[in-house]
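Please consult the sequence and the structure below while reading.

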Amino acid sequence: MIPGFGPFLDGRFDVAHDLQAHVYRRTERLLSRWEAVNDALSTPAEVRARQEAVRAALTTSLYGDTFPPFALGEPPPEAEHRGSVRFGDLVVERMVLRTAPGVLVPANLWRPAHVPEPAGAVLFVCGHGQQAKAHPAYQAVCARLAGAGLVVLVMDPVGQGERALADRGDGGVSEHTDAGVTCWRAGHSLAAHFVHDARRGLDLLCARPDVDPARLGITGNSGGGVLTALMMALEPRLAAAAPGTFVTSRRAYLWAGQAQDAEQILPGGTLLGVGHEDLLLAMAPRPALVLAADYDFFPVDGTLETVSRAARAYDLLGAPGGLSVARAPVAHGYHPELARAATAFLARHLGGTVVSDAEPEILPAGELACTRQGVFRDHPGTLHVPEPPPAEPASPEQVEAVVRAHREPPAEFFPRWFDRPEASVPVRHVFWRSERDVWNAGVLAGPPDPDGTLVVALFERGTASLPERQDWIKEKLGTGRAVLVLDVRGTGALAPAPVTARPDGAYFGTTYKLMTDLLWLGDSLGAARVHDVLRALAFARHERLGARIELYAEAGQAVHARWAARLDDEVAAVELRDPVDGWESVIPGITG
């Protein structure tokens, strides 16, 4: 029924790269704009003003309008001590922290067995790895730092270690993103909760008599490198930082074709001017060491460019050399070469002692455990993150503002119609411009009647679902209706060419990556697809395909049809079958 339609729209246009090109074009335009802003900085006052702007933009990205930022300067979190273990000259305390109502966080505190006076302290933030604080590489960093005379706190992140609901074999990625989608839908970022836990960790360290609160540092790699960089921009109590195997540039990571899990996505970050360079810039003039792996999937060429650019802020603030890089010829990870560099750096700036090159002893994970079976089994009712305040359903005006934002529809539809005489029923292929650089497409079954009824159908896979939906179409044709099966961007004939190596339709696949790239732009794939449906309805009226237009949609497409029908009061009827609010259809902050 649909021979020849495919990704080239009857051989006329290569649309498999439309969505990627659209997203990348918009991203590049914004990146260039914000680079020019940083290039223009020429005085200390301008740097300080830019730092405040970055902090304000980052706060907006993390918390949105629906979730209030957590307060600074709170009393230390409630801590239940679960014993300790000593080996050599070090002690590891086991505890469970209550960082927010209903949120329990297992933590280890590494320290020298004897701390004669208040010492410098480091918050170690874990990257991915199911064992989290008990991960051998992370243990080794904590042991090195404690061996250098520093007090070190390490906590299990959401979805990892003793805070995991289940071991899904991906180091917490799935649980992070499950929780992150929920946060996006509510209008804020999961990263806000990672930041909150980290800040509560600093609250705990500041309250300890063996810690000098003027000498606080932070380090972590991968996902921990992300959190380290966020804390560098947001947390004034930090005296030094060593973000590992994360810092590159938004441009380099975009073109590398990589995806990230939810707490590493900053909604509106690129739109508001928050990139890797800006997170480093916001730390100036406090010392920072960027840890880079030459064979990382975070491109090291982007790392060096970003550090070079951000170093200008340090120069302008009178701290030349305050931002530096330590490189190692290794793959992604907190390898011993990087751990030695970070320990020496943090010990130097936080008042530590001589650093040993010896490889630390690694403890069995059970000796570091703070619960019997994990917080969710030991304490039923424990939350991953605090529940957001209940949100009011969005009004049509709010939804329309979000859907229409960022769109660039041309003055004309520029339609192309092609008959398919070999089909068993009257069929025409058609495509038109939804935006100036984005096509929409459809298959029209049955002769259109300007005075009759047209059903605009959004199948789960768009026109790719047509082979198994012919009986449904013939049933509609039998009632005198014509049917326009619609492909919104990224579906059916408009499905994107692979950008990532992961299978599409799942976390980290091509559609997921492009969806999260849109979040960085303050946009969403869900909002763009609602626009596509509205544009298709306008196209059907322009082409006089029916006086009465009905909408049919199923599964994840139902969300787009539902909102389009609320925004277009000329839609005569709507049928939604098995609706699913999946990650593809999320419109941040829009509920109801």
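S222 lies in the loop between strand 6 and helix 6 (223-234); helices (H or I, at least four residues) and strands (E, at least two) are DSSP runs, numbered from the N terminus. S222 is not a glycine, yet its phi is positive, at about 60°. With a relative accessible area of 9%, S222 is buried, a term that means under 20% relative accessible area, against over 50% for exposed and in between for partly exposed (1.4 Å probe, protein chains only). The model is predicted, so local features need pLDDT of at least 70 and side-chain atom pairs count only at pLDDT 80 or more, while totals for chains, interfaces and linings use all residues. Residues are numbered from 1 along each chain as its sequence is written, and side-chain values use heavy atoms, with hydrogens and water left out.

A132, in the loop between strand 4 and helix 3 (136-147), also has a positive phi, near 50°. A132 counts as buried because its relative accessibility is 0%. Between helix 9 (276-281) and strand 8, the loop holds P285, and the peptide bond from A284 to P285 is cis, with omega near 5°. Most residues other than glycine have a negative phi, and most peptide bonds are trans.

Nine strands form an open sheet in the order 1-2-3-5-4-6-7-8-9, with mixed pairing; two strands pair if DSSP finds at least two bridges between them. Strand 1 (78-87) and strand 9 (323-331) are at the edges, and each has a single partner strand, so one side of each lacks a neighbour in the sheet. From one strand to the next, the twist averages 20°.

Strand 3 (residues 103-112) pairs with strand 5 (residues 151-155) in the antiparallel sense over four bridges, and W110 stands opposite V152 in strand 5. Strand 8 and strand 9, by contrast, pair in the parallel sense over seven bridges. There, Y295 stands opposite A331 in strand 9.

## Packing of two helices

Helix 14 (residues 396-404) and helix 17 (residues 525-542) pack at about 95°, their axes 8 Å apart; axes are lines fitted to C-alpha atoms, for helices over the stretch in contact, and angles run from 0 to 180 degrees between N-to-C directions. The two helices, helix 14 and helix 17, are therefore roughly perpendicular, the term for angles of 65 to 115 degrees. V402, V403 and R404 of helix 14 meet A527, V530, H531 and L534 of helix 17, where contact means heavy atoms within 4.5 Å.

Definitions and conventions: Parallel < 35°, antiparallel > 145°, perpendicular 65-115°, else oblique.
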